[in-house]
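Biologist: I would like to learn how to read a protein model, one feature at a time. Where do we begin?

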Amino acid sequence: EKGRYVQCMSCHKGFHLSCLGTKEFGVNPGTVRRRNWSCHDCRVCLTCNMCVGSPSSDAPSKSIRQCSQCKCYVHMACLERAARDSALGDAKWKCEYCIECRHCGAWKSDAWFDDSTTCRGCHDRFSKGCFCPICEKVYRKDAGAMSQCSKCFKWVHAKCANLTQQAFDVLQNSPDMNFT
């Protein structure tokens with residue numbers, strides 16, 4: 001990353017990606033590369049590219065939101081209704097480029113749950129109990145090595161239960177052996 005930079009789409013100043021992640025800027029460099037990016041001096045709406053106000057006016061405005069991760073700005077009027085509703089009163093609001101499902105890593109979803117950390121598919125699976133009780137990550141059919149607890153009957157990732165491959169193989173091949 002050192003030496004690589006990104007340009008602000010408004011003023012065309014260059015910034016090192018490694019510098020953007022510092023406390024001074026507090027920007028996730030990974031999200032900057034996914035979109036047209038504006039520096040903190042330009043204060044441009046991510047959706048319409050119009051100015052959202054001067055940097056000297058740090059007073060919070062109900063008409064704009066700032067992403068808690070990449071620090072971009074968006075006019076509330078530019079957000080789609082669902083995004084606007086979730087942005088109201090949410091201090092840790094994330095823009096469409098920073099939002100990511102904590103279970104599957106998806107960036108797109110028709111609806112977000114749990115403070116915009118869970119996509120609809122994972123939310124539905126979590127609601128049905130399809131998650132490892134140790135790491136609380138949703139699992140799918142292709143989840144890899146998992147064992148069912150003989151007490152609570154929940155499925156657990158072998159890795160989360162600190163099972164070696166050998167111990168996992170023994171459990172899978174011994175129907176009379178219990179895993180708890």
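**Reading a predicted model**

Modeller: Start with the surface. The accessible surface of the protein comes to about 11500 Å², and 51% of that surface belongs to carbon and sulfur atoms. Such areas come from the Shrake-Rupley method with a 1.4 Å probe, and for residues only the protein chains shown count as cover. This is a predicted model, in which local features need pLDDT of at least 70 and side-chain atom pairs count only at pLDDT 80 or more, while totals for chains, interfaces and linings use all residues. Residues are numbered from 1 along each chain as its sequence is written, and side-chain values use heavy atoms, with hydrogens and water left out.

Biologist: What does the protein average in pLDDT?

Modeller: pLDDT is the predictor's confidence in each residue, from 0 to 100. The protein averages 75, and 74% of the residues score at least 70. Where pLDDT is low, the predicted coordinates should not be read in detail.

Biologist: How many helices and strands does the protein have?

Modeller: Both are DSSP runs, numbered from the N terminus: helices are H or I with at least four residues, strands are E with at least two. Here there are five helices and eight strands. Along the sequence, the pattern reads β-β-α-α-β-β-α-β-β-α-β-β-α.

Biologist: How many of the residues count as buried?

Modeller: Buried means under 20% relative accessible area, exposed means over 50%, and partly exposed lies in between (1.4 Å probe, protein chains only). Of the 180 residues, 32% count as buried.

Biologist: Which residues touch the most other members of the largest nonpolar core?

Modeller: General idea: in soluble globular proteins, nonpolar side chains tend to be buried together. A nonpolar core is a set of buried Ala, Val, Leu, Ile, Met, Phe, Trp, Tyr and Cys residues joined through side-chain atoms within 4.5 Å. The largest one here has 14 residues, and Cys 67, Cys 70, Cys 72, Val 74, Trp 93 and Cys 95 touch the most other members. Another core, of nine residues, lies apart from it, and includes Phe 15, Leu 17, Cys 42 and Val 44.

Biologist: Which residues does Cys 95 touch?

Modeller: Contact means heavy atoms within 4.5 Å. Leaving out residues up to four places away in sequence, Cys 95 touches Leu 46, Cys 67, Cys 70 and Cys 72. Now take the whole protein. Among contacts between residues at least 6 apart in sequence, 37% join residues at least 24 apart.

Biologist: Where is Ile 64 found?

Modeller: Ile 64 is in strand S3 (residues 64–66). Ile 64 counts as buried because its relative accessibility is 12%. Look across to His 75, in strand S4 (residues 73–75).

Biologist: Which backbone oxygen lies 3.4 Å from a polar atom of the side chain of His 75?

Modeller: That of Cys 51. A polar contact is a pair of N or O atoms within 3.5 Å; within protein, one must be able to donate a hydrogen and the other to accept it, and residues adjacent in sequence count only if both atoms are side-chain atoms.

Biologist: Is Thr 118 buried or exposed?

Modeller: Buried, because its relative accessible area is 1%. Thr 118 sits in strand S6 (residues 118–119). Beyond four places in sequence, its contacts include Cys 101, Trp 112, Phe 113 and His 123.

Biologist: How many aromatic pairs does the structure hold?

Modeller: A pair of aromatic rings is described by the distance of the centres and the angle of the planes. Rings of Phe, Tyr and Trp (its six-membered ring) pair if their centres lie within 6.5 Å; planes under 30 degrees apart count as stacked, over 60 as edge-to-face and the rest as tilted. This structure holds one pair. The rings of Phe 126 and Phe 131 have centres 4.1 Å apart and planes at 20 degrees, so the pair is stacked. Phe 126 is partly exposed at 26% relative accessibility, whereas Phe 131 is buried at 15%.
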